Amino acid sequence: MKVSGQGVRKTVPVKKKVPGDDEDPAYDGSEPGSGFEFGQSNVSASDRAIASSYQRGGPRTVDDAETHPITPLQKTVTVGKEMAVSRTCEYPDSMEGMCTSFNTSYDTLAVGTRNSRIMLIDPHTAGVMNTIDLSNGKSIPPAITSVRFRKDVKEAQNVMLVAQGSEVHHVHASTGTVLSSIIEKGNEILSLDVRSDGQVSLQCGSDKASTRCIFTMIPGSYRFRSPLQIYDLAASKLRTILPFHQPSTDSCLLYAAKFGVDKLSKYVFAGGSGTHPCAKMFQRSGEVIGTLALKDSVHAMDVAGLPDHKTVAICCATKMYFYDVKV
């Protein structure tokens with residue numbers, strides 16, 4: 001597995017735990033992160049060309065021309081059907097949800113919090129199964145800004161990638177053990193992701209945004225005008241501006257956007273905060289399917305697309321909402 005950016009790797013010894021009757025076995029696989037490589041030499045020439053076309057610049061006042069714009073009729077649909085929450089998990093006191101991720105089997109949902117905890121939630125019952133403390137005894141620990149279950153190695157599918165301050169940890173979900181850590185000196189990591197084969201990653205931090213082989217992306221922008229867009233990075237083209245309608249400039253500014261997966265791969269989900277926080281569901285072609293009105297700021301989302309478990313997890317500041325998609 002390869003991770004972008006310059007970093008220094010440190011290893012935390014694995015603490016093997018004796019499992020109880022109701023506990024999963026302790027992690028016994030190879031050390032996650034042992035094959036991590038750093039530096040721009042890992043990026044192919046074609047990937048560098050794609051990334052260089054999206055360097056940060058000054059504020060843009062005009063959007064690119066869309067290659068697949070929605071029709072005028074589609075633009076008139078601003079709300080779609082009224083959607084309703086299926087289940088709710090209220091976080092314990094002092095917990096503020098920042099990020100979320102389903103595991104491979106979609107029977108566990110991880111939620112990273114501002115006070116350096118990771119809650120593990122059963123998406124079927126919305127109950128909290130366990131809480132992992134990564135504060136390391138600090139009175140003001142760094143927030144958990146991104147969490148992703150690894151899906152590239154069968155033996156590591158119960159292992160999470162966790163961004164906390166300038167570090168990326170490998171954490172074993174069942175035992176809470178930190179298996180290894182990587183330090184990105186001078187960088188506050190805000191978001192990370194990894195491809196299903198583990199060979200490429202996307203990492204976004206306070207000092208850089210490093211991308212590898214992410215050919216289609218959906219950025220959600222904290223702005224009023226055209227906040228939700230689909231880009232084809234391989235072609236360096238804006239495909240579609242999705243109509244995330246806002247009746248006023250501060251009604252709902254985007255925090256989260258997510259492509260659907262598997263049985264929900266034809267859809268896009270997005271949400272945010274403001275005077276009228278909400279989450280919306282779109283066809284990938286751009287049509288608004290429905291809107292879920294909320295009373296809490298949407299910080300992150302993830303999607304389960306199994307035939308019998310088509311669910312959107314909406315990570316808000318004080319609650320986790322689950323919406324079961326009926327398609």
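Trainee: Where does Ser236 lie?

Mentor: Ser236 lies in the loop between strand E16 (228-232) and strand E17 (237-242), where strands are DSSP runs of at least two residues marked E, numbered from the N terminus. Bear in mind that this is a predicted model, in which local features need pLDDT of at least 70, side-chain atom pairs count only at pLDDT 80 or more, and totals for chains, interfaces and linings use all residues. Residues are numbered from 1 along each chain as its sequence is written, and side-chain values use heavy atoms, with hydrogens and water left out.

Trainee: And what is phi of Ser236 near?

Mentor: Phi of Ser236 is near 55°, which is a positive value in a residue other than glycine. Ser236 is partly exposed at a relative accessible area of 35%, on a scale where buried means under 20%, exposed means over 50% and partly exposed is in between, using a 1.4 Å probe and protein chains only.

Trainee: What about Asp262, where is that one?

Mentor: Asp262 lies in the loop between E18 and E19, and its phi, near 50°, is again a positive value in a residue other than glycine. Its relative accessible area of 49% makes Asp262 partly exposed.

Trainee: How do E18 and E19 pair?

Mentor: E18 and strand E19 (residues 267-273) pair in the antiparallel sense over six bridges, and two strands are said to pair if DSSP finds at least two bridges between them. For Leu253, the bridge partner in E19 is Ser273.

Trainee: Which sheet has E18 in its order?

Mentor: An open sheet of five strands with mixed pairing, in the order E2-E21-E20-E19-E18. Its edge strands, each pairing on one side only, are strand E2 (81-82) and strand E18 (253-259).

Trainee: Changing topic, how many aromatic pairs are there?

Mentor: A search of the whole structure finds two, counting rings of Phe, Tyr and Trp (its six-membered ring) whose centres lie within 6.5 Å, with planes under 30 degrees apart called stacked, over 60 edge-to-face and the rest tilted. Phe102 and Tyr106 have ring centres 5.7 Å apart and planes at 75°, so that pair is edge-to-face. Phe244 and Phe282 form a tilted pair, 6.4 Å centre to centre with 35° between the planes.

Trainee: Why does the pair of Phe244 and Phe282 tie together parts that are 38 residues apart in sequence?

Mentor: Because Phe244 lies in the loop between E17 and E18, whereas Phe282 lies in strand E20 (residues 278-283). Phe244 counts as buried at 5% relative accessibility, and Phe282 counts as buried at 0%.

Notes: Helix = DSSP H or I, 4+ residues; strand = E, 2+ residues; numbered from the N terminus.
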